[in-house]
Amino acid sequence: MSRARAASDLIIAPIREEDLPAVLAIEAATFSAPWTEEMFRWELEQAGTGLAWVARRGERVVGYLFTWVVAGEFHINNIAVAPAYRGQGIADALLKTGLGEAVGRGARVALLEVRESNAPARALYARWRFAVAGRRKRYYSHPTEDALLMRCEDLPGALARHRRRGDP
Ligand SMILES: CC(C)(COP(=O)(O)OP(=O)(O)OC[C@H]1O[C@@H](n2cnc3c(N)ncnc32)[C@H](O)[C@@H]1OP(=O)(O)O)[C@@H](O)C(=O)NCCC(=O)NCCS
């Protein structure tokens, strides 16, 4: 499917309680050490700090983004797209919404951790001007692997650049 078509029938919206089962299914299909339902619910209870969105195609939840905005920083805690829907610009659309909201709330920098071997995610973040800023030794399990800490030092600039590129 083309990016234009992906964008035309894709909706990014704040997560609702009833989206959780679909989120849990994507999480289980994606990660070797998936977040539990309790972890997702805890994130949703962080009123004022936690912000989370789902990507929907029709009624189907096809991706999600869980974040915090705290002390002027945008923390990306979890992002995934259902395997059958990858490569269609959905994660990009989720990040665009999340970064826009974070900038509106005063965030100027963003940070996240990513497995060193996760080339698709690292490429996604590089598109948004994230650069490697540190390493957390043996941060992940199943399998054990270092995390790279990535930071975007200029969120408003990254958003403006994305708009100039004319991406959906
Ligand atoms: C990483 C992930 C969220 C990307 O989602 P997606 O919807 O497929 O990504 P998009 O289609 O929006 O791609 C946006 C950009 O990301 C990069 N990218 C995405 N998938 C890629 C791949 N398989 N290989 C290389 N780059 C990739 C590209 O730069 C792409 O832009 P381009 O198509 O113009 O080159 C998805 O692969 C996923 O859910 N992975 C498993 C969960 C995960 O790793 N989460 C991140 C944990 S830190």
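Leaving aside its neighbours within four places in sequence, with which residues is Arg138 in contact? The answer is Thr144 and Asp146, where two residues are in contact if their C-beta atoms, placed from the backbone, lie within 7 Å. The views below show a predicted model, in which local features need pLDDT of at least 70 and side-chain atom pairs count only at pLDDT 80 or more, while totals for chains, interfaces and linings use all residues. Residues are numbered from 1 along each chain as its sequence is written.

View 1. Although Arg138 is not a glycine, its phi is positive, at about 50°. Arg138 counts as exposed because it has 9 C-beta neighbours inside 10 Å; a residue is exposed if 12 or fewer other C-beta atoms lie within 10 Å of its own, buried if 20 or more do, and partly exposed in between, with C-beta atoms placed from the backbone. Ala47 is 91 residues from Arg138 in sequence, and the two are 31 Å apart in space, C-alpha to C-alpha.

**View 2. The loop between β6 and β7.** Both His142 and Pro143 lie in the loop between β6 (131-140) and β7, and the peptide bond that leads from His142 to Pro143 is cis, with omega near -5°. His142 also has a positive phi, near 50°, in a residue other than glycine. With 9 other C-beta atoms within 10 Å, His142 is exposed.

**View 3. The largest nonpolar core.** A nonpolar core is a set of buried Ala, Val, Leu, Ile, Met, Phe, Trp, Tyr and Cys residues joined through C-beta atoms within 7 Å, and the largest one here has 42 residues, of which Tyr64, Ile90 and Leu94 touch the most other members. At least two residues of this core come from each of α2 (20-30), β2 (50-57), β3 (60-70), β4 (73-81), α4 (90-104), β5 (109-115), β7 (145-152) and α6 (155-164). The most is given by α4, with 7 residues. Once its neighbours within four places in sequence are left aside, Tyr64 is in contact with Ile15, Val23, Ile26, Ala52, Trp53, Val54 and Ala80.

View 4. Strands β2 and β3 run antiparallel and are joined by 8 bridges, where two strands pair if DSSP finds at least two bridges between them; Arg56 stands opposite Val61 in β3. The hairpin of β2 and β3 has 2 residues between the strands, and in it Gly58 takes a positive phi near 60°. Strands β3 and β4 likewise pair in the antiparallel sense, over 8 bridges, with Ile79 in β4 as the bridge partner of Leu65. The hairpin of β3 and β4 has 2 residues between the strands, and there Ala71 takes a positive phi near 50°.

View 5. Strands β4 and β5 run parallel and are joined by 3 bridges, and Leu111 in β5 is the bridge partner of His75. The chain crosses from β4 through α4 to β5 in a right-handed β-α-β crossover, a term that applies if, with the strands pointing away from the viewer, the path from the first strand over the helix to the second runs clockwise. Strands β5 and β7 run antiparallel and are joined by 6 bridges, with Cys152 in β7 as the bridge partner of Ala110.

**View 6. The shell around the ligand.** There are 19 residues around the ligand, and Arg86, Ala91, Pro120, Ala123 and Leu124 come nearest; a residue is near a molecule if its C-beta atom, placed from the backbone, lies within 6 Å of it. Elements that each supply at least two residues of this shell are β4, α4 and α5 (119-127), and α5 gives the most, with 6 residues. The shell divides into 11 nonpolar, 5 polar and 3 charged residues, where Ala, Val, Leu, Ile, Met, Phe, Trp, Tyr, Cys and Pro count as nonpolar, Asp, Glu, Lys and Arg as charged, and the others, Gly among them, as polar.

Note on methods:
Helices (H or I, at least four residues) and strands (E, at least two) are DSSP runs, numbered from the N terminus.
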